[in-house]
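Subject: Handover of a structure

Dear colleague,

Please find below the structure that I am passing on to you.

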Amino acid sequence: MAIQWFPGHMHKARLEMQATLPKIDVVIEVLDARIPYSSENPMLEQLRGNKPCLKVLAKSDLADDTRTAEWVDFLDSGQSMRARAVTTEDVPTIRRLKNVAARMVPHREGRTVTIMVAGIPNVGKSTIINYLAGRKIAKTGNTPAVTKQQQRVPIGDSVTLLDTPGVLWPNVENVNSGYRLALLGSIKETAMDYADIGFFAARFMAAEFPDRLKERYNLDEIPEAELQIIEAIGRKRGCLGKNNSVDLDRASRILVTELRSGGMGKFTLETPETMKREKARTEIEMAEKAERATEKDAKRKKRFRDKQRASRKARERE
Ligand SMILES: Nc1nc2c(ncn2[C@@H]2O[C@H](COP(=O)(O)OP(=O)(O)OP(=O)(O)O)[C@@H](O)[C@H]2O)c(=O)[nH]1
Ligand SMILES: [Mg+2]
């Protein structure tokens, strides 16, 4: 699914981050542990440059533990790039982030360390801020775009945090990343189609966790096609519309909501291998797209020149 959700407030948030970054010592980039690749904002990487970055895989209670460990290992790659997994079910792991970040900038010892907490919408940035501060200071909520502006939060021990609004980037080129971001709740409802995401979720569950799907919706068999899976879920949950046909939107909402909340068990949608494969494919697709655009442009210019030549000749004949 091609995602294009980059409203004005995100554009503004991006500019504000750019303006604040020179005063920041460490960036904590919060990722969703279920999609560490798709929730990594390439725009943020560009803005950050080579500033030290601590990647935090949040909501790890909802992710597959083995895959989370694999991702932390993969991302934690030196003094200026650390990685940790956290969950609100284990508050000490969140509190320790402060020390991990401070150790990344030893030259700041004895002075205040300013940490920007950034990432895509709804990954748990403000929740982490509240646990680090030890009080509810930032607004949180289970929809994207809860935080609307930057907020400075001094938390003692010479550390100041900066909460930031969730930002995506103007064009999510990888189609699968678009689906995953929408499935996990980082895209505003109005910018996505539930039935579309429901089909994606059905395909994923049928391939990876058929037994969970059967058990949750009391299905004897899992139908072949995604449409039939959603219809079967809809029938079991009474999502019927006109002429007894299944309301696909309602049935999809049920599947998506139950998956998102962890009601159907822990899962992770990506591995570092998936990332390498999809990145390579997306690069090829983008190069092909650029080539098609160049060809189209050359043809348009040629048509224009031909037209000009024809009218010049016509004028000469007159
Ligand atoms: N299961 C689970 N849920 C979490 C965890 N951390 C945060 N959440 C939930 O995720 C939702 C989003 O949390 P926020 O802290 O508001 O997310 P945010 O990144 O600040 O979101 P924006 O400000 O909209 O960009 C809330 O409903 C939190 O309760 C976690 O570790 N586990
Ligand atoms: Mg927030």
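Predicted model: local features only at pLDDT ≥ 70, side-chain atom pairs only at ≥ 80, totals over all residues.

Residues are numbered from 1 along each chain as its sequence is written, and chains are lettered from A and ligands numbered from 1 in the order in which they are written.

The chain as a whole

The C-alpha trace spans about 85 × 60 × 35 Å along its principal axes. The chain holds twelve helices and six strands (DSSP runs, H or I of at least four residues for helices and E of at least two for strands, numbered from the N terminus). Its domain assignment, automatic or from a database, gives domain 1 (8-163) and domain 2 (193-260). The C-alpha centres of domain 1 and domain 2 are 34 Å apart. Of the 318 residues, 36% are buried, that is, with 20 or more other C-beta atoms, placed from the backbone, within 10 Å of their own.

Helix α7 (residues 175-183) is mostly covered, with seven of its nine residues buried. Among them are Tyr179, Arg180 and Leu181. The cover over these buried residues includes α8 and α11 (248-260). After α7 comes Gly185, which has a positive phi near 95°.

The axes of helix α8 (residues 194-208) and helix α10 (residues 226-236), as lines fitted to C-alpha atoms over the stretch in contact, come within 9 Å and cross at roughly 95°. The two helices α8 and α10 are therefore roughly perpendicular, a term for angles of 65 to 115 degrees. Where they meet, α8 brings Gly198, Phe199, Ala202, Arg203 and Ala206, and α10 brings Glu226, Ile229 and Ile230 (contact: C-beta atoms, placed from the backbone, within 7 Å). By class, this contact of α8 with α10 has five nonpolar, one polar and two charged residues (nonpolar: Ala, Val, Leu, Ile, Met, Phe, Trp, Tyr, Cys and Pro; charged: Asp, Glu, Lys and Arg; polar: the others, Gly among them).

Yours sincerely

Methods: Buried ≥ 20, exposed ≤ 12 C-beta atoms within 10 Å, placed from the backbone. Axes fitted to C-alpha atoms, helices over the stretch in contact; angles between N-to-C directions. Parallel < 35°, antiparallel > 145°, perpendicular 65-115°, else oblique. Contact = placed C-beta atoms within 7 Å.
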